[in-house]
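Here are my notes on the structure, written for someone who has not seen it before. Please read them with the model open.

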Amino acid sequence: VWIASPDCAIDTLLHAATLPPGALGPGAVVSGRGLSVTIAEMLEALERAAGTDARALVHAKPDPVVAGIVGGWPKAFACTQATALGFPVDADLDALIAQHIAAQR
């Protein structure tokens with residue numbers, strides 16, 4: 001899946017607002033940056049952040065409708081224009097999870 005933290009999404013909008021006119025080119029559209037991760041990687045990061053008890057709370061329960069939707073999503077984007085324009089990206093999955101934990105405290 002392709003993900004970005006809420007903080008990164010907000011920082012992306014703020015960064016876009018600071019760009020000079022015309023920086024995005026004629027279409028004025030750019031994909032923000034994100035991380036391409038697997039569900040297994042997400043669960044491994046959850047375990048690193050919150051321990052085995054938290055990881056044990058997650059169980060696989062396939063849903064064909066959801067799988068059909070998510071299976072059609074892009075797995076990653078190049079985001080070369082966003083990178084060239086200095087758009088932000090989360091450091092890694094562990095940092096993204098840490099943001100979510102900090103926001104809940």
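1. Cysteines. The sulfur of C8 lies 10.0 Å from the closest cysteine sulfur, in C79. A disulfide needs the two sulfur atoms within 2.5 Å, so C8 and C79 are too far apart for a bond. The structure holds zero disulfides. Bear in mind that this is a predicted model.

2. Are C8 and C79 buried or exposed? C8 is buried, at a relative accessible area of 4%. C79 has 11% relative accessibility and also counts as buried, because the cut-off for buried is under 20%.

3. Salt bridge. The count comes to one. R48 pairs with D94, and their closest N and O atoms are 2.9 Å apart. This pair joins distant parts of the chain: R48 belongs to helix 2, while D94 belongs to helix 6 (residues 93-103), 46 residues apart. Side chains of opposite charge can pair when their charged atoms come close.

4. R48 counts as exposed, with 52% relative accessibility. D94 is partly exposed, with a relative accessible area of 32%.

5. Aromatic pair. How many aromatic pairs does a search of the whole structure find? The search gives one. W2 and F77 make up this pair in an edge-to-face arrangement, with 5.1 Å from centre to centre and 70° between the planes. The pair links distant parts of the chain, as W2 sits in strand 1 (residues 2-3) and F77 in the loop between helix 4 (64-70) and helix 5 (80-84), 75 residues apart.

6. W2 has a relative accessible area of 26% and is partly exposed. F77, at 39% relative accessibility, counts as partly exposed too.

7. Largest pocket. The space in the largest pocket is about 260 Å³. Its lining is made of 13 residues, and those nearest its centre are I39, K61, P62, V66 and V70. Helix 2 (39-50) and helix 4 are the elements that give two or more residues to this lining. Helix 4 supplies the largest share, three residues.

8. What kinds of residues line the largest pocket? Nine are nonpolar, one is polar and three are charged.

Key: Residues numbered from 1 in each chain as written. Predicted model: local features only at pLDDT ≥ 70, side-chain atom pairs only at ≥ 80, totals over all residues. Heavy atoms only, no water. Phe/Tyr/Trp six-rings, centres within 6.5 Å; stacked < 30°, edge-to-face > 60°. Helix = DSSP H or I, 4+ residues; strand = E, 2+ residues; numbered from the N terminus. Buried < 20%, exposed > 50% of the residue type's maximum accessible area, 1.4 Å probe, protein only. 1 Å grid on protein atoms, 1.4 Å probe; cavity = no way out; pocket = protein on both sides within 12 Å on 5 of 7 lines; lining within 4 Å. Points joined across faces, edges and corners; volume = space filled by probe spheres on them. Nonpolar A, V, L, I, M, F, W, Y, C, P; charged D, E, K, R; others polar. Salt bridge = Lys/Arg side-chain N within 4 Å of Asp/Glu carboxyl O.
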